[in-house]
Amino acid sequence: MTIVEDRPATAEAPPPKRPNRLWALLRNSWRQLTSMRTALVLLFLLAVAAVPGSIFPQRGVNRERVSEYFTANPELAPILDRFFAFDVYASPWFAAIYLLLFTSLVGCVLPRMREHLRALTTVPPQAPKRMDRLPHHDGGHHRPEEPAAVAAEIAKTLRRNRFRTRVRQTPDGWTVAAEKGYLKETGNLLFHMAMLGVLVGVGFGHWYGWSGNRLLVEGPDHGFCSVLPQFDEAVLGPRVEAGDLPDFCVRMTGFESTFQDTGQPKSFEASVEVNENGGGYRPERFTVNDPLRLDGATINLIGQGYAPILRFTDRFGAQQTVTVPFLPTDMMMTSEGVVQFPDVNVDPNGTRDPKLQMGFEGVFLPTASSHGSALSEYPAENNPMLYLTAYRGDLGLDSGKPGSVYALNREKIDDGDLQKIGGDRPYVLRPGEKWTLDDGTTLEFLGTERFATLSIRHDPTKISLLIGSVIGLLGLMLSLYVHRRRVWFRVLPADGDSASGSVIEAGGLPRTDHPGFGDEFAALTRQITEGRR
């Protein structure tokens with residue numbers, strides 16, 4: 001007979017858990033992203049990514065210059081446009097770097113802030129047993145007082161030197177631990193928090209800010225008001241509507257400029273009349289470095305030039321007078337521009353023939369050379385002269401296609417719809433002179449007015465950006481010039497008897513690279529061992 005013994009089944013050990021690879025990958029990626037090295041790399045990449053914005057014209061600043069770049073570089077410009085070279089600060093790759101930097105700073109600063117707060121509430125550590133192994137050491141100094149009194153006096157001296165101190169009694173004597181330089185890490189955190197504040201301010205400024213440009217000609221008939229159609233260019237933030245713009249009107253009554261003998265500008269000052277919220281016009285003056293500050297907007301003076309006044313008399317005797325800004329092309333104010341008369345040569349029945357429209361391309365020289373050069377010799381109007389080339393035909397203004405007001409339609413010229421008249425050489429006009437064309441029509445140069453290029457902006461976060469920049473600079477100075485260091489003093493009874501006095505041993509440890517800590521440590525130990533206050 002076979003006896004079978006029932007034995008309990010032994011439980012098998014569970015297989016070891018496999019680490020979640022996805023979780024490990026995410027955790028390591030987060031650690032890399034929130035490291036200080038990554039934050040510095042992203043900050044460098046953000047600076048590099050902003051470089052194209054200063055090389056290529058930007059649509060948000062000057063659309064006209066972008067159009068000119070496309071005209072001058074018809075093959076390269078479309079390729080650059082695919083990579084957002086003309087919209088750098090609104091490009092996806094710039095936004096990606098910006099958001100990664102923001103995330104990296106948040107993930108880097110918050111743990112360091114928690115550690116710093118813990119360090120501020122933690123007392124200095126106990127003195128090491130072997131102080132002679134510290135980078136700075138001094139020992140064997142004798143004081144006649146008892147160890148307890150000497151330790152209390154050392155702590156008092158260290159507190160006067162702005163050290164955080166902790167006095168401890170040990171079985172064989174007393175120790176004094178002290179530390180200072182916490183402002184270094186405080187400054188470091190302030191700098192990074194200020195950078196975070198600046199990034200947040202830039203984002204909110206983009207959402208709730210707006211900007212616009214306006215070329216304003218001198219005279220009461222050339223003013224403008226704060227409505228979108230009257231801006232040359234305008235960019236509204238995503239959270240700004242056209243009705244949110246402040247209510248104001250501006251007209252320029254005068255413009256004064258002075259230049260050095262070399263032609264370098266010395267001063268610009270615009271005189272304007274401003275009407276805010278329908279309260280009547282008031283006089284104001286502003287310069288390049290002193291903008292005009294209105295309620296909800298700031299007007300900056302960023303450019304200036306000349307606007308020739310021309311009067312055209314057509315074959316039926318009708319006259320049109322226009323004031324056209326000519327844009328400067330060099331420091332001496334050599335300026336180029338286009339004058340167009342689309343509504344001329346209208347017969348008594350009101351019929352207008354587009355083939356009789358007139359256009360003029362020209363160059364204005366404030367101070368023409370006596371040698372016949374096509375460049376101005378000085379930016380002020382010492383010898384003004386206007387070179388004009390006339391064209392007759394369809395200007396293409398009724399085609400519905402957008403075009404530049406500073407250039408004639410080259411397609412019309414190439415197709416022969418707009419033909420040059422008056423010869424191949426430009427006609428020269430001085431103020432008060434008249435040009436009679438082949439069909440009896442005349443063009444008279446009456447003089448010039450000054451114009452100013454204005455940048456009108458509103459940034460609701462500029463004060464916070466200024467505060468953040470100041471705090472960041474303060475934090476950077478603290479992190480660079482404050483050094484964290486620790487010192488310890490051990491006070492033991494001389495010859496094992498408190499009545500015989502005390503023996504002092506000192507040690508110092510700089511927590512960061514501090515070239516001057518050796519001198520500071522020597523002066524501190526000398527002050528303590530000699531009993532000086």
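In the predicted model, D459 touches G205 and L465, residues up to four places away in sequence not being counted; contact here denotes heavy atoms within 4.5 Å. The structure is a predicted model, in which local features require pLDDT of at least 70 and side-chain atom pairs are counted only at pLDDT 80 or more, whereas totals for chains, interfaces and linings use all residues. Residues are numbered from 1 along each chain as its sequence is written, and side-chain values use heavy atoms, with hydrogens and water left out.

D459 is located in the loop between β20 (442-458) and α10 (462-481). Helices (H or I, at least four residues) and strands (E, at least two) are DSSP runs, numbered from the N terminus. With a relative accessibility of 29%, D459 is partly exposed; the categories are buried for under 20% relative accessible area, exposed for over 50%, and partly exposed in between (1.4 Å probe, protein chains only). The side chains of D459 and T461 are joined by a polar contact of 2.9 Å. Such a contact is a pair of N or O atoms within 3.5 Å; within protein, one must be able to donate a hydrogen and the other to accept it, and residues adjacent in sequence count only if both atoms are side-chain atoms. Between D459 and H206, the C-alpha to C-alpha distance is 8.0 Å, although 253 residues separate them in sequence.

Side chains of opposite charge can pair when their charged atoms come close. A total of 22 salt bridges is present in the structure, each defined as a side-chain nitrogen of Lys or Arg within 4 Å of a carboxyl oxygen of Asp or Glu. R143 takes part in a salt bridge with E145, with the closest N and O atoms 3.2 Å apart, and in another with E153, where the corresponding separation is 2.9 Å. R143 belongs to strand β1 (residues 136-143) and E153 to helix α7 (residues 147-160), so this pair ties together parts that are 10 residues apart in sequence. R143 is buried, at 5% relative accessibility, while E145 is partly exposed, with a relative accessible area of 29%.

A salt bridge also connects R130 and D132, the closest N and O atoms lying 3.2 Å apart. R130 is partly exposed at 44% relative accessible area, and D132 is likewise partly exposed at 42%. Elsewhere, a network of salt bridges links E179, R484, R486 and R511.
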